[in-house]
Amino acid sequence: MTPDCKTPLRTALELATAGGPVLPLRLGKVPFGNCRACAAVACGGRPNMKDAGPCQCPAVCHGWAAATTDPHVITSPAWALAWRQAVAVAYHPGGAGLTVVDLDNAAAVEWAREALPATRTVPTTRGEHWIYRGAMRSSNAVRPGVDIKSLMSYARWLGPGTGRMADLPPAVRALAVKEETTPAPGEVVSSIASRARWDRTVATGCRHTERYVRTGLERGLALVRARTESGAGSQAFGVARFLAGQHAQCPGPCGLDAIGEDIVTAAVSVGVPETYARRAVANGLKMASERAA
Ligand SMILES: [Zn+2]
Ligand SMILES: [Zn+2]
Ligand SMILES: [Zn+2]
């Protein structure tokens, strides 16, 4: 692959013209963080997310969900600062009607050559992207070193690649199905899924209505689950801090432990290691109570 001498913005505009929804990536090759208005659950999320919200934020908020083909948005003042700091361009494969099988290392590439039909490939730092025509649910770690990036996710743009693009084969769809029925760290997922979730009965000293707490919790969990690529741990921290902050004036108890459990479960479901998720959530809850004190 020849090095890309164009600016990320120019590359993005070309991609968008070809029908690929794009977004800038910052240092570390991850999406820019949310603006202040979109922090934690304040805005409810974008209309194009899984749990669709009302957010019309003009900035590059909500990770993959900011991706667009609209050149007016891409060149807007609200995106200009991000482009000045951008180090790379990402696209939303599902939005372009594509699925990227992200093969992280040589062993994964080796496996794909045996198991999957040939298609267009793009070299990555240590592996390859195999790109198929057709969209599907995204799924991380379907095998060691193999992620599926399509709907509700982003993939780094590393050039057009080589080879003829094939239709999304059953073999790739089957990877995600398999992952659904047999979650890799099986015991961990099922044990924490069965633990207590927030319920009005544990919030005996809460001033809020059940509806208020549930709506906030569901929005927060949606934000964590939407981080299928990266940042779910820090999102969990932010959501925990925000939700705990809602109860700063309650006499308590408000069932914050149960709310924390729900956030941990959401983070683990998108691939955050449980110990890390627990620490992030505990720190978020703690910070909110310190701020209230
Ligand atoms: Zn925003
Ligand atoms: Zn927003
Ligand atoms: Zn409360």
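Trainee: Which residues does glycine 252 touch, not counting residues up to four places away in sequence?

Mentor: This is a predicted model, in which local features need pLDDT of at least 70, side-chain atom pairs count only at pLDDT 80 or more, and totals for chains, interfaces and linings use all residues. Residues are numbered from 1 along each chain as its sequence is written, while chains are lettered from A and ligands numbered from 1 in the order in which they are written. Contact here requires C-beta atoms, placed from the backbone, to lie within 7 Å. Not counting residues up to four places away in sequence, the residues touched by glycine 252 are Gly205 and His247.

Trainee: Is glycine 252 buried, exposed or partly exposed?

Mentor: A residue is buried if 20 or more other C-beta atoms, placed from the backbone, lie within 10 Å of its own, exposed if 12 or fewer do, and partly exposed in between. Glycine 252 has 15 C-beta neighbours inside 10 Å and therefore counts as partly exposed.

Trainee: In which loop is glycine 252 placed?

Mentor: Helices (DSSP runs of H or I, at least four residues) and strands (DSSP runs of E, at least two) are numbered from the N terminus. The C-alpha atom of glycine 252 is separated by 55 Å from that of alanine 18, 234 residues apart along the chain. Glycine 252 has its place in the loop between α8 and α9.

Trainee: Is the peptide bond from glycine 252 to proline 253 cis or trans?

Mentor: Proline 253 is found in the loop between α8 and α9 (256–269). Most peptide bonds are trans. The bond from glycine 252 to proline 253 has omega near 0 degrees and is cis.

Trainee: Which residues does alanine 244 touch, not counting residues up to four places away in sequence?

Mentor: Alanine 244 lies in helix α8, and it counts as buried because it has 22 C-beta neighbours inside 10 Å. Its C-alpha atom is separated by 9.0 Å from that of cysteine 254, ten residues apart along the chain. Not counting residues up to four places away in sequence, the residues touched by alanine 244 are Leu256, Gly284, Leu285, Ala288 and Ser289.

Trainee: How are α7 and α8 oriented to each other, roughly parallel or roughly antiparallel?

Mentor: Axes are lines fitted to C-alpha atoms, for helices over the stretch in contact, and angles run from 0 to 180 degrees between N-to-C directions. The axes of α7 (residues 210–226) and α8 (residues 232–245) come within 9 Å and cross at roughly 165 degrees. Angles under 35 degrees count as roughly parallel, over 145 as roughly antiparallel, 65 to 115 as roughly perpendicular and the rest as oblique. The two helices, α7 and α8, are therefore roughly antiparallel.

Trainee: How many charged residues are in the contact of α7 with α8?

Mentor: On the α7 side are Gly216, Leu217, Gly220, Leu223 and Val224, which meet Ala232, Gln235, Ala236, Val239, Phe242 and Leu243 in α8. Ala, Val, Leu, Ile, Met, Phe, Trp, Tyr, Cys and Pro count as nonpolar, Asp, Glu, Lys and Arg as charged, and the others, Gly among them, as polar. By class, this contact has eight nonpolar and three polar residues, and the number of charged residues is none.

Trainee: How do the residues of the contact of α7 with α9 divide by class?

Mentor: The axes of α7 and α9 are 8 Å apart, at an angle of about 25 degrees, and the two helices are therefore roughly parallel. Leu217, Gly220, Leu221, Val224 and Arg225 in α7 meet Ile259, Asp262, Ile263, Ala266, Ala267 and Ser269 in α9. The residues of this contact divide into seven nonpolar, two polar and two charged.

Trainee: What is the phi of alanine 141?

Mentor: Alanine 141 is found in strand β7 (residues 139–143) and is partly exposed because 15 other C-beta atoms lie within 10 Å. Most residues other than glycine have a negative phi. Alanine 141 is not a glycine, yet its phi is positive, at about 55 degrees.

Definitions and conventions:
Contact = placed C-beta atoms within 7 Å.
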